[in-house]
Amino acid sequence: MNTLSILALKSGTIIDHIPEHTALNILQCLRKFPKSGSLTIGISLLSEKLGRKDLIKMHDRKLSPEEMTYVALFAPNATINVIEDHCLITKSAPTFPEEVIGIFSCLNPRCITHVEHVPSHFFVDANRAQMHLQCRYCQSMFPRDALQEYAL
């Protein structure tokens, strides 16, 4: 079996244990927080824990607390590793945001967000077995997995 290796990260952030085929959704979300630096993306990598997983390495970049909460929307069981001088400084799990603005499109076709030029706005309910988001405008509630396909 061939093994591929990825260069070690001198400084930056590694988001690991991302569910397979989810890394691009996270990057799309993090794009709303523009910063420079190169990226290494692994998609459908072998994982003992998950079977298959995605991985994002951000060179010379640390995530803000707000950015870390957005990772939880797509990968609640991910680990966020901060690296400095080739050493692991912190390893943490993402926490859920209280609200999400401009990330998902509301599934209710009668919602005002489909008629007016207002950004979508959802309140996060993470107290259930599965996270749900409630639209601020039409009050409709959706499981995160349903909205994940409608990331803007």
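Strands β1 and β3 pair in the antiparallel sense over six bridges. Two strands count as paired if DSSP finds at least two bridges between them. Helices (H or I, at least four residues) and strands (E, at least two) are DSSP runs, numbered from the N terminus. This is a predicted model, in which local features need pLDDT of at least 70 and side-chain atom pairs count only at pLDDT 80 or more, while totals for chains, interfaces and linings use all residues. Residues are numbered from 1 along each chain as its sequence is written, and side-chain values use heavy atoms, with hydrogens and water left out.

Ile-15 stands opposite Ile-56 in β3. The bridge partner of Ile-18 is Asp-54, also in β3. β1 has another neighbour. It pairs with strand β4 (residues 79-84), in the antiparallel sense, over five bridges. There, Ile-14 has Asn-81 of β4 as its bridge partner.

How many residues of strand β1 are buried? Seven of the eight residues in β1 (residues 12-19) are, so the strand is largely enclosed by the rest of the structure. Buried means under 20% relative accessible area, exposed means over 50%, and partly exposed lies in between (1.4 Å probe, protein chains only). β3 is also largely enclosed by the rest of the structure, because seven of its nine residues are buried.

β3 has a further partner in β2. β2 and β3 pair in the antiparallel sense over seven bridges. Gly-42 has Leu-55 in β3 as its bridge partner. A hairpin of three residues joins β2 to β3. Lys-49 sits in this loop between β2 and β3 (51-59). Lys-49 is exposed, because its relative accessible area is 57%. The C-alpha atom of Lys-49 is 8.2 Å from that of His-17, although the two residues are 32 apart along the chain.

Leu-24, Leu-39, Ile-41 and Ile-43 make a nonpolar surface patch of about 350 Å². Patches are made of residues with over 30% relative accessible area and no salt bridge; like charges are joined within 9 Å, and nonpolar side chains (Val, Leu, Ile, Met, Phe, Trp, Tyr) within 5 Å. A salt bridge here is a side-chain nitrogen of Lys or Arg within 4 Å of a carboxyl oxygen of Asp or Glu. Which strand gives the most to the nonpolar patch? Strand β2 (residues 39-47) does, with three residues. Ile-41 lies in β2. Ile-41 counts as partly exposed, because its relative accessible area is 37%. In a regular strand, side chains alternate between the two faces of the sheet.

Next, the aromatic rings. A search of the whole structure finds one aromatic pair. The rings of Phe-74 and Phe-104 have their centres 5.6 Å apart and their planes at 45 degrees, so the pair is tilted. The pair links distant parts of the chain, with Phe-74 in helix α2 (residues 65-74) and Phe-104 in the loop between β6 (99-101) and β7 (121-125), 30 residues apart. Rings of Phe, Tyr and Trp (its six-membered ring) pair if their centres lie within 6.5 Å; planes under 30 degrees apart count as stacked, over 60 as edge-to-face, and the rest as tilted.

Most residues other than glycine have a negative phi. Asp-60 is not a glycine, yet its phi is positive, at about 55 degrees. Asp-60 is placed in the loop between β3 and α2, and it is exposed, with a relative accessible area of 63%. His-86 is not a glycine either, and has a positive phi of about 65 degrees. His-86 is in the loop between β4 and β5 (87-92), and is exposed at 51% relative accessible area.

Finally, the whole chain. It has three helices and nine strands. Along the sequence, the pattern is β-α-β-β-α-β-β-β-β-β-β-α. Buried residues make up 43% of the 152 residues. Of the contacts (heavy atoms within 4.5 Å) with a separation of 6 or more, 58% are between residues 24 or more positions apart. The accessible surface of the chain comes to about 9,000 Å², and 52% of it belongs to carbon and sulfur atoms. Accessible areas come from the Shrake-Rupley method with a 1.4 Å probe; for residues, only the protein chains shown count as cover.
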